Amino acid sequence: MDVSIPFVERPAVLRSGALPLDGRECQRHMFKFLKKKDGGKNDESPAQEQGVFQRLRQGLSKTRSTLTGRLDRLFLGKREITDDLLEELEEVLFISDIGVATTQELINAAKEKVARKELNDPQKLKSVLRDHILSFLQVPPVEHSFPAPGEPLVILVIGVNGVGKTTTIGKVAHGLKSEGKKAMLVAADTFRAAAVEQLVIWGERVGAQVIRQAQGADPSSVVFDALPAAISRKVDVVLIDTAGRLHTKKNLMEELQKIHRVTGRRLPGAPHEVWLVLDATTGQNAISQAEMFDKALGVTGIILTKLDGTAKGGIVVGVSHQLGIPIRYIGIGEKVDDLRPFDAADFVQAIFD
Ligand SMILES: Nc1nc2c(ncn2[C@@H]2O[C@H](COP(=O)(O)OP(=O)(O)O)[C@@H](O)[C@H]2O)c(=O)[nH]1
Ligand SMILES: [Mg+2]
């Protein structure tokens with residue numbers, strides 16, 4: 001991946017907070033699926049809610065058994081919190097990919113409590129950790145623009161190759177469809193024929209229209225054509241799929257910035273959101289990727305995929321705390337309903353309890 005990234009300022013609307021309130025209000029009543037508690041989770045019966053939570057717990061089982069399993073073994077039979085215990089704790093957190101800086105903060109917080117004699121029971125240390133981790137996961141939303149009434153919400157989906165962009169778009173489109181919303185998928189990853197095909201297959205599967213051009217077309221021109229079509233067809237949400245690697249010498253970030261600019265020219269205020277997809281199995285590398293993409297494009301939300309495939313789900317904590325960009329969804333499998341809106345309390349409960 002190219003690493004030279006020209007810095008771009010976030011669009012003015014992101015900094016001023018001067019959001020068109022009508023647009024925001026309009027969105028508040030739409031897109032339940034795009035919200036924290038998705039798919040009308042609040043409308044679900046306790047049994048259904050339990051099932052959803054069990055699915056999350058199962059998806060995170062590798063992380064749970066590693067992190068909580070190690071913590072329990074560490075605290076077993078210990079009567080007081082010693083320096084040795086804290087050192088071992090540091091190791092457990094580090095192994096779970098919580099990250100050096102975040103681990104250090106957690107350990108320091110525990111040390112302070114011990115020094116102030118507010119804490120000396122190892123069993124309580126676990127709940128102190130749990131509370132701290134929860135606070136690290138509660139990241140306020142990044143301000144972004146909203147569509148005017150009658151206009152589609154446009155989401156630019158970015159990330160390196162293979163992280164799960166196309167799959168996530170398919171899953172999101174499925175969620176929107178199940179709420180009776182009209183989604184349009186835009187195949188702006190024109191560099192591989194297979195990439196376009198993959199999006200077309202998802203479109204057919206979830207019943208969403210796909211806008212495509214021939215392989216090798218200018219990705220910006222696909223977006224240029226798609227937006228007027230989305231407006232005239234009264235689409236609710238436009239999801240733009242992009243490449244994560246270019247076969248030419250072109251700089252990926254420059255290409256994505258061009259797509260961003262063209263989108264805004266075609267529909268002022270768009271893209272309203274920029275979602276960065278990160279693969280949880282890549283560990284700390286995900287954090288440096290996020291820093292690069294955010295600098296170049298101004299990320300409004302993160303989607304962390306493949307949490308089902310890793311014992312290092314602690315990356316969720318590092319990503320939230322170090323980047324300060326909210327995690328919107330987590331991927332816990334390859335199936336269409338394996339995308340969960342990220343909820344800090346549910347996540348902590350699924351890992352610790
Ligand atoms: N286990 C698992 N696999 C995933 C998840 N999300 C995506 N994948 C898989 O990751 C691979 C790459 O996904 P793709 O959407 O093509 O990535 P893209 O290059 O970013 O568009 C595919 O095999 C997906 O099925 C997830 O949450 N869990
Ligand atoms: Mg793709």
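This is a predicted model: local features need pLDDT of at least 70, side-chain atom pairs count only at pLDDT 80 or more; totals for chains, interfaces and linings use all residues.

Mentor: Residues are numbered from 1 along each chain as its sequence is written, while chains are lettered from A and ligands numbered from 1 in the order in which they are written.

Trainee: What distance separates the end C-alpha atoms of helix α4?
Mentor: Helices are DSSP runs of H or I with at least four residues, numbered from the N terminus. The expected span is 1.5 Å times one less than the number of residues. Helix α4 (residues 61–75) has 15 residues and should therefore span 21 Å, which agrees with the distance between its end C-alpha atoms, 20 Å.

Trainee: Which residues of α4 are buried?
Mentor: A residue is buried if 20 or more other C-beta atoms, placed from the backbone, lie within 10 Å of its own, exposed if 12 or fewer, and partly exposed in between. The face of α4 turned away from its buried side carries exposed Ser65, Asp72 and Arg73. The buried residues of α4 are Thr63, Thr66, Leu67 and Leu71.

Trainee: How many residues surround ligand 1?
Mentor: A residue is near a molecule if its C-beta atom, placed from the backbone, lies within 6 Å of it. Helix α8 (residues 165–178) gives the largest share of the shell, three residues. The closest are Gly164, Lys165, Thr166, Thr167 and Gly331, and the number surrounding ligand 1 is 19.

Notes:
Helices (H or I, at least four residues) and strands (E, at least two) are DSSP runs, numbered from the N terminus.
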